[in-house]
Amino acid sequence: MKNENNKKVMLTGVRPSGNLTIGNYLGAIKNFVERQDSYESYIFIADLHAITSPRNPADLKKSIYDCIAMYLACGVDPNKTIIFKQSAVLEHGTLGFIMTFQTKMGELSRMTQFKLKSQQQTKEGVDTGLFVYPTLMVADILLYNTSIVPVGKDQQQHVELTRDLAERFNKRYGQTFLLPDVYVAPIGNKILNLQNPNEKMNKSDSGNNKGTIFLLDDIAVARKKIMSAKTDNFNSVHFDEERQPGISNLMSILAKITGESFQSIEQRFKNRGYGEFKKEVANEVCKLLEEIQSKYKKFNNQEFLDNLLFEGAIQAQKTASTTLSKSLTALGLK
Ligand code: AMP
């Protein structure tokens, strides 16, 4: 399905649940930015997804502004992309509710993210938000007639659930939703924790943040994190995620930033030590962070961001309300 301007729709979102990491950038935002000319593009602050577990309201509010400023600093262009806050478009909540009712308990129980995160919550009980947030994500995607959703590997399953539920709804109630495709880039789709390269790099890092590169990290601190990244004893810069997860992770970071192939990296660092290789990765990461941080300061102005979000919500709501209305009619509620 194409929209008025004859372009297909691309959409993605990030939770304002702490400072964005290089994993968010390389796994999702960079892929979005590189394609924003080719699609009718929407990017949103997934603020409703940030309250699946209790949050300090003042921190959350700050994170929302930080997140939009970071989108802009990473190259999201408001002249090409509609930027909005999820909670400002009320259709998300309503369609999310409707899509929850199309879903089996078993389907949500099988979501890998739920299984992983619910294990960490067993003491006080598992939050329902953690269980049902994938159906809100289904609504986020379907409301905009989205064709492509660039996400990291951890979110792939949720986009697949979106397809399943859209198909189910269409079969039950008539053709209403477009089935989206997921875009998981071949490189950088799961950036790993630098200190524990068996785990994804997350905004919350139990190891004093030493394994996570935040986009706002002090440059010297970021350099140190790369230089002390955990590797192995093979002394060979070689891409092998099973045997050499730490080195392969650093290779993915370098390749995704510069566009260089794994083969070329292996060739260049043949018979050179890990120290030299890490230094090169650190240089590229620091260059990237410097560029992003200098732009971030310019954009982090509340009045400017409020205006941008206001305009974005009006535009997003136009499409969202048409789709919601279509689904209400299909259900017999309108
Ligand atoms: P989140 O921070 O969980 O809201 O994720 C926002 C986007 O960043 C999603 O598309 C994730 O799949 C992606 N993402 C988060 N962490 C990583 C990572 N370590 N590597 C690659 N992509 C990631």
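Two strands are said to pair if DSSP finds at least two bridges between them. The legends below describe close-up views of a predicted model.

**View 1. Strand β2 and its pairing with β1.** Strand β1 covers residues 9-14, and β1 and β2 pair in the parallel sense over 6 bridges. Within this pairing, Met10 has Ser41 of β2 as its bridge partner. Between the two strands the chain passes through helix α1, residues 22-35, and this β-α-β crossover from β1 to β2 is right-handed.

**View 2. Strand β2 and its pairing with β3.** Strand β3 is made up of residues 81-85, and β2 and β3 pair in the parallel sense over 5 bridges. Ile45 is found opposite Lys85 of β3. To get from β2 to β3 the chain runs through helix α2, residues 57-73, in a β-α-β crossover that is right-handed.

View 3. Strand β2 spans residues 40-45 and is mostly covered, with 6 of its 6 residues buried. On one side are Glu40, Tyr42 and Phe44, and on the other are Ser41, Ile43 and Ile45; all are buried, and both faces of β2 are covered.

View 4. Val159 is located in helix α7, which holds residues 156-173. Its relative accessibility is 1%, and because buried means under 20%, Val159 counts as buried. Apart from neighbours within four places in sequence, Val159 is in contact with Met137, Ile141, Val149, Val151, Pro180, Asp181 and Val182. Gly93 is 66 residues from Val159 along the chain, and the C-alpha atoms of the two are separated by 18 Å.

**View 5. The shell around the ligand.** There are 18 residues around the ligand, and those that come nearest are Arg15, Gly152, Asp154, Ile191 and Lys203. Both β1 and α1 supply at least two residues each to this shell. Helix α1 gives the most, with 4 residues.

View 6. An oxygen atom of the ligand lies 3.0 Å from a polar side-chain atom of Asn24. At Gly152, a polar backbone atom is 2.8 Å from an oxygen atom of the ligand. At Ile191, a backbone N or O atom is 2.8 Å from a nitrogen atom of the ligand. On its own the ligand has 480 Å² of accessible area, and the protein covers 95% of this.

Key:
Residues are numbered from 1 along each chain as its sequence is written. This is a predicted model: local features need pLDDT of at least 70, side-chain atom pairs count only at pLDDT 80 or more; totals for chains, interfaces and linings use all residues. Side-chain values use heavy atoms; hydrogens and water are left out. Buried means under 20% relative accessible area, exposed over 50%, partly exposed in between (1.4 Å probe, protein chains only). A crossover is right-handed if, with the strands pointing away from the viewer, the path from the first strand over the helix to the second runs clockwise. Contact means heavy atoms within 4.5 Å. A residue is near a molecule or strand if one of its heavy atoms lies within 4 Å of it. A polar contact is a pair of N or O atoms within 3.5 Å; within protein, one must be able to donate a hydrogen and the other to accept it, and residues adjacent in sequence count only if both atoms are side-chain atoms. Accessible areas come from the Shrake-Rupley method with a 1.4 Å probe; for residues, only the protein chains shown count as cover.
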